[in-house]
Every structure is written in structure tokens, then in C-alpha cells.
Amino acid sequence: MRDENLEPLLGLQEIDGRIDRLAREMAEIPRERRIHEKEIEEQKVTFEKEKEKAAEVSRDKEKCVGDKESMQETLASFKSKLLELKDNDAYRTMLMQIENAEKRLGEFDIRIIELMYEEELIEEVQEAARKTFERNKARAVKRQQILDDQFNELQEKMKELETERERVSGEISPRLLDRYQRVRTAGKGLVVVGLINGACGGCHTKLPPQTVVEISQGKTFPCPICGRFIIWTEGSSFSD
Ligand SMILES: [Zn+2]
């Protein structure tokens, strides 16, 4: 191969390296975004659980208040019946029932106070959970906004690089460009490599001395094994 100008190809290689790095950076952003989304979701669940607990205690209290009220009605009816009872045994039995009902009422009062206290505690916990949730949510939303901005910025850069790539590609012969694409698609990394110790800088295949000399004089050779373009670079050297 005679001295085809490899400068545009080196430029293309450099642009492709930047495109690859940029693509990796861009791929990171949705991943990070999902982490924040998950965090928000988890905190929301914690907050909802606290809310559910509070609702449960409120329901218990309502029920207790209702039970107390019906017990008060029962007590009132016992007391009015008591006045009508003439029989001693029936009277004594009714007195015992009244005593029991009064005892139950006292128990309801204690339980209601306990539940009110519990309600208060839960409210505090719930309030703390709500604050944490809202604070973290605001932070996560802000972080996501930053990520979105970053993504848009990277996308702009990518567009610029793609335009630049097109421009540089136009300066390269289709044959050379095709060869470059094939090596690149094969995932072999750099397409243009230096001559190192008289060998291909990509796959380390030794080259004939005559080829090495010609490369050192500025010629370019495609490696017979890996297809990369071998050129003389600053780090190049003849066979030891
Ligand atoms: Zn090679």
C-alpha cells in the first residue's frame, strides 16, 4: 500500500474514541436515574405504612368509643330496671350487673386513653417519616433534573461529534473507510496502530524487515493478521 494519507483516519479514530466514551457516559445516566426513582419509591412505602398504622389505631379508638357508648346505654337501662325490681335476688343480680358494667366502662376509659396516647406517638413518627420522604424526594427530583440536563448536554455533544465524524469520513477513501469499519466492528479497538519492536502494535505479529524499513520511511501497511493499519509513530522501534 502506497502512502495513503492516514491523518483523517487517525482523526476518525480519535472521534470514535470520544463517541464511545460519550455513549458510555450517556448509558450511565438512566441507570443512576432509576436508583433515585427506587429510593423515592422505598421511602414512599415507609411513609404509607406509617399512615396505615395510624389509621388502624384511629379505627381501634373509634370502636372503643362506640363500645363505651353502648355500654353507657346498657348501664342506664340496668339502673332504670333496678328501680322496678321487687324480688331481692333479682335486685342483687341486677346490682352485680351494674357493677360489672361500671367496671367495663372504666376499662374502656383506660383503653381509650392508651389509644389516644398511641395515636399521638404514631402521629409524631408519621410526621417524621413524611418530612424525610418529602425532603429526600425534593433532593432526588433535583438530582434527576441535573441528570436530565447532563443527558441533554451529552446528547448535544454527541450530535456535534457525529457531524464531525461525517466530515472527517468524507476525507477518507471508501476503501480505507470500509477497512476501518470492519476492524472497528470486529471490536479490535484501535484501527491505526504503531509499529512496536518491528511488530504490529495491535496483534504483535512480526513483520518482514523490508516492511519495517518502509514503515519507518513513512509508508503504511495493513497488518496481514489483524488488518489494522501499521504506521511509524513516536513510540515505534525496529526489531530488537
Ligand atoms: Zn496486527
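The model contains an open sheet of four strands in the order β2-β1-β4-β3, and the pairing within this sheet is mixed. Here two strands are taken to pair if DSSP finds at least two bridges between them. Strands (E, at least two residues) and helices (H or I, at least four residues) are DSSP runs, numbered from the N terminus. Strands β2 (199-200) and β3 (221-222) stand at the edges with a single partner strand each, so one side of each has no neighbour in the sheet. The model is a predicted one, in which local features need pLDDT of at least 70 and side-chain atom pairs count only at pLDDT 80 or more, whereas totals for chains, interfaces and linings use all residues. Residue numbers start from 1 along each chain, as its sequence is written.

The pairings can be taken one by one. Strand β1 (residues 192-196) pairs with β4 in the parallel sense over three bridges, and V193 stands opposite I230 in β4. The pairing of β3 with strand β4 (residues 229-231) is antiparallel and runs over two bridges; in this pairing P222 stands opposite F229. Strands β1 and β2 are also joined by two bridges in the antiparallel sense, with I196 opposite A199 in β2.

The hairpin of β1 and β2 has two residues between the strands. N197 is found in the loop between these strands. Its phi is near 50 degrees, a positive value in a residue other than glycine. Most residues other than glycine have a negative phi. N197 counts as partly exposed because it has 13 C-beta neighbours inside 10 Å. On this scale a residue is buried if 20 or more other C-beta atoms lie within 10 Å of its own, exposed if 12 or fewer do, and partly exposed in between, with C-beta atoms placed from the backbone.

A positive phi is also found at H204, about 65 degrees, although H204 is not a glycine. H204 is found in the loop between β2 and α4 (209-216). H204 counts as exposed because it has 12 C-beta neighbours inside 10 Å.

Turning to the helices, α1 (residues 7-84) and α2 (residues 88-169) pack at an angle of about 165 degrees, with their axes 5 Å apart. That angle makes α1 roughly antiparallel to α2. The axes are lines fitted to C-alpha atoms, for helices over the stretch in contact, and angles run from 0 to 180 degrees between N-to-C directions. Angles over 145 degrees count as roughly antiparallel, those under 35 as roughly parallel, 65 to 115 as roughly perpendicular, and the rest as oblique. The crossing of α1 and α2 is left-handed, that is, the near helix is turned anticlockwise from the far one by less than a right angle (clockwise would be right-handed). By class, the contact of α1 with α2 has 37 nonpolar, 14 polar and 27 charged residues. Nonpolar covers Ala, Val, Leu, Ile, Met, Phe, Trp, Tyr, Cys and Pro, charged covers Asp, Glu, Lys and Arg, and polar covers the others, Gly among them.

G170 lies in the loop between α2 and α3 (174-185). This glycine is exposed, because 9 other C-beta atoms lie within 10 Å. G170 and P8 are 162 residues apart in sequence, and their C-alpha atoms are 9.1 Å apart in space.

The domain assignment of the chain gives domain 1 (15-169) and domain 2 (174-231), with bounds that come from an automatic or database assignment. The centres of domain 1 and domain 2, taken over C-alpha atoms, are separated by 65 Å.
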